[in-house]
Amino acid sequence: AEKKPPMGAPPPPPSSQLSSSNRHHHHHRRRTTTTPTTSVSSKARTKMYQARRRVLLNVVLHACDISNPCKRWTLSHEWSNRISKEFFNQGDREREEGLPVSPNMDKATADQCDTSINFIDFIVGPMFAAVRRLLPKTEICVSGLQSNRNVWYQRLEKKNSNSKGVLNEEDAQAHRKKWEARNDAFSEILATARKQADEARPQGSPSPIQTIFSLPASPSHSSRSPSPSSRSGVNEGKSQTHSKRNTTVIKNRK
């Protein structure tokens, strides 16, 4: 029989609202790597730069939202514990309501170390690799991210070593190869981002995001508004014409 919620209880949210889609994260990361074309008019280019300002602000805001793995370990670990508890509470609620339990929210199967490393490898790492190219000073975030991932990996390995005998030798070897490949891939992503950012930016030059924000925020008015010097020349001409007219009027009156 279908289990009904207690009287007065709010209806359960649909399963589509109970889990966060990774497409939202990758949407922002892809937009940071899109290079604008330069073969456009000045007005169109200005509008494009205005749009890219908004995109970059959204990207930086989203990076802040998922930046917990970049913080110092004690703070990052504390919030990871709280998020895991929230996830497991949601998984329990979904199970009570007869809904499919969302990924990483089933406390019977989810592992905090594995979930944290996956979050870093597939969400936070690629995002901050892209942000690192725009803001070189975010290197402190990338370094913190790499350090925290190492701690999670050490804990995962310790947990796996304590459960020795659960996996046969073949499965254990496949497990080691998988994580070695994951570790190498993550290190390569960060190393490539650092190298590309440092090679593309000469020493002492502004960062790419500073270049974007230093561009004009609105179309140039040079074609419509004369410069101060030209305005003064126009005013002088008007004054001379006005004086000549007054002199002519006075002569005619005489």
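Predicted model: local features only at pLDDT ≥ 70, side-chain atom pairs only at ≥ 80, totals over all residues.

Reader: What makes Trp73 and Trp152 an aromatic pair, and of which kind is the pair?

Author: The ring centres of Trp73 and Trp152 are 5.0 Å apart, and since a pair requires centres within 6.5 Å, the two rings qualify as a pair. Their planes make an angle of 70°, and because angles over 60 degrees count as edge-to-face, that is the name given to this pair. Trp73 lies in helix 4 and Trp152 in helix 6, 79 residues apart, so that the pair links distant parts of the chain.

Reader: Is Trp152 buried or exposed, and how do you know?

Author: The relative accessible area of Trp152 is 4%, and because a residue counts as buried under 20%, Trp152 is buried.

Reader: How many aromatic pairs does a search of the whole structure find?

Author: The search of the whole structure finds two aromatic pairs, and the pair of Tyr153 with Trp179 is called tilted because the planes stand at 50°, an angle that falls between the limits of 30 and 60 degrees. The centres of these two rings are 6.1 Å apart, which is within the 6.5 Å asked of a pair. This pair, too, links distant parts of the chain, with Tyr153 in helix 6 and Trp179 in helix 7, 26 residues apart. Trp179 has a relative accessible area of 1% and is therefore buried.

Reader: How do you know that the charged end of Arg82 sits over the ring of Trp79?

Author: The charged end of Arg82 is 4.9 Å from the centre of the Trp79 ring, and the distance limit for such an arrangement is 6 Å. Arg149 is likewise placed over the face of Phe186, at 4.9 Å from the ring centre.

Reader: Which residues have the most contacts inside the largest nonpolar core?

Author: The largest nonpolar core comprises 21 residues, and those with the most contacts inside it are Ile117, Val124, Met127, Phe128 and Leu145. Two or more residues of this core come from each of helix 3, helix 5, helix 6 and helix 7, and helix 5 gives the largest share, eight residues. Leaving aside residues up to four places away in sequence, Leu145 touches Pro69, Cys70, Ile120, Val124, Gly125 and Phe186. In soluble globular proteins, nonpolar side chains tend to be buried together.

Reader: What is the secondary structure of the protein chain, and what share of its residues counts as buried?

Author: The protein chain has nine helices and zero strands, and 28% of its 254 residues count as buried. Among contacts with a separation of 6 or more, 77% are between residues 24 or more positions apart.

Reader: Which elements have the lowest and the highest mean pLDDT?

Author: Helix 1, residues 15-18, has the lowest mean pLDDT, 41, while helix 4, residues 73-96, has the highest, 96. For the protein chain the mean pLDDT is 76, with 58% of the residues reaching 70 or more. Over residues 34-38 pLDDT stays under 50, and the model has five contacts for them beyond four places in sequence; over residues 219-226 pLDDT also stays under 50, with two such contacts.

Notes: Residues numbered from 1 in each chain as written. Heavy atoms only, no water. Core = buried A, V, L, I, M, F, W, Y, C linked by side-chain atoms within 4.5 Å. Buried < 20%, exposed > 50% of the residue type's maximum accessible area, 1.4 Å probe, protein only. Helix = DSSP H or I, 4+ residues; strand = E, 2+ residues; numbered from the N terminus. Contact = heavy atoms within 4.5 Å. pLDDT = per-residue confidence, 0-100. Phe/Tyr/Trp six-rings, centres within 6.5 Å; stacked < 30°, edge-to-face > 60°. Lys NZ or Arg CZ within 6 Å of the ring centre and 35° of its normal.
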